[in-house]
Amino acid sequence: MEQLLAFHLDESQLKRLNGIAAVMQIHVKIIEPQYYFVPLEDLAAEQLSPVTAPFAGKMPEESLLLFCDFTEKRMDAILAALSADKFWVSYKAVLTPTNRKWNFMQLLLEMRMEQSGFSSE
């Protein structure tokens, strides 16, 4: 099931994103900070482990959209819709076999490194 996981978006962003997604019949899942250390694949599958320690650190400033299970055609369509609406988030990422075991904080660190021209790989 295609869905967007939304991390650290403000109310205005969420309202706009939900409007765009509703037209395209895409599910948006708002990820609360207490789940920032849960593996991304578990968040996408709504399998929240009680063993995972809740996030209690400094709140990141960046926002992120994680695209899950989109075909290329649907990905192009949602990206075009977001662009047409001038919707902005700090980062956009796709759930992949490489990052599915990562948590939000790991993904955010990787995105920061990629943006600055460095990669951990």
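Modeller: A salt bridge is taken here as a side-chain nitrogen of Lys or Arg within 4 Å of a carboxyl oxygen of Asp or Glu. The structure is a predicted model, and every value that follows is computed from it. By that criterion, Lys101 and Glu41 form a salt bridge, with 2.6 Å between their closest N and O atoms. Lys101 belongs to the loop between S4 and H4, whereas Glu41 sits in helix H2, so this pair links distant parts of the chain, 60 residues apart. Lys101 has a relative accessibility of 59% and therefore counts as exposed, the cut-off for that class being over 50%.

Glu41 has a further partner in Arg100, the two side chains meeting in a salt bridge at 3.1 Å, N to O. Arg100 lies in the loop between strand S4 (91–94) and helix H4 (104–115), and Glu41 in helix H2 (residues 40–45), so this pair ties together parts that are 59 residues apart in sequence. With a relative accessibility of 31%, Arg100 counts as partly exposed.

Another salt bridge joins the side chains of Glu62 and Arg112, at 2.7 Å from N to O. This pair, too, links distant parts of the chain: Glu62 is in the loop between H2 and strand S3 (64–68), Arg112 is in helix H4, and 50 residues separate them. Glu62 is buried, because its relative accessible area of 17% falls under the 20% limit. Arg112, at 34%, is partly exposed. As for shared partners, salt bridges join Glu41, Arg100 and Lys101 into one network. The pairs described here are among the 6 salt bridges found in a search of the whole structure.

Helix H1 (residues 11–24) and helix H3 (residues 72–84) have axes that come within 10 Å and cross at roughly 140 degrees. The two helices are therefore oblique to each other, since only angles over 145 degrees count as roughly antiparallel. H1 passes H3 in a right-handed crossing. On the H1 side the contact is made by Leu17, Ile20 and Met24, and on the H3 side by Arg74, Ala77, Ile78, Ala81 and Leu82. Sorted by class, this contact has 7 nonpolar residues, no polar residues and 1 charged residue.

Methods. Residues numbered from 1 in each chain as written. Predicted model: local features only at pLDDT ≥ 70, side-chain atom pairs only at ≥ 80, totals over all residues. Heavy atoms only, no water. Axes fitted to C-alpha atoms, helices over the stretch in contact; angles between N-to-C directions. Helix = DSSP H or I, 4+ residues; strand = E, 2+ residues; numbered from the N terminus. Parallel < 35°, antiparallel > 145°, perpendicular 65-115°, else oblique. Left-handed = near helix turned anticlockwise from the far one by under 90°. Contact = heavy atoms within 4.5 Å. Nonpolar A, V, L, I, M, F, W, Y, C, P; charged D, E, K, R; others polar. Buried < 20%, exposed > 50% of the residue type's maximum accessible area, 1.4 Å probe, protein only.
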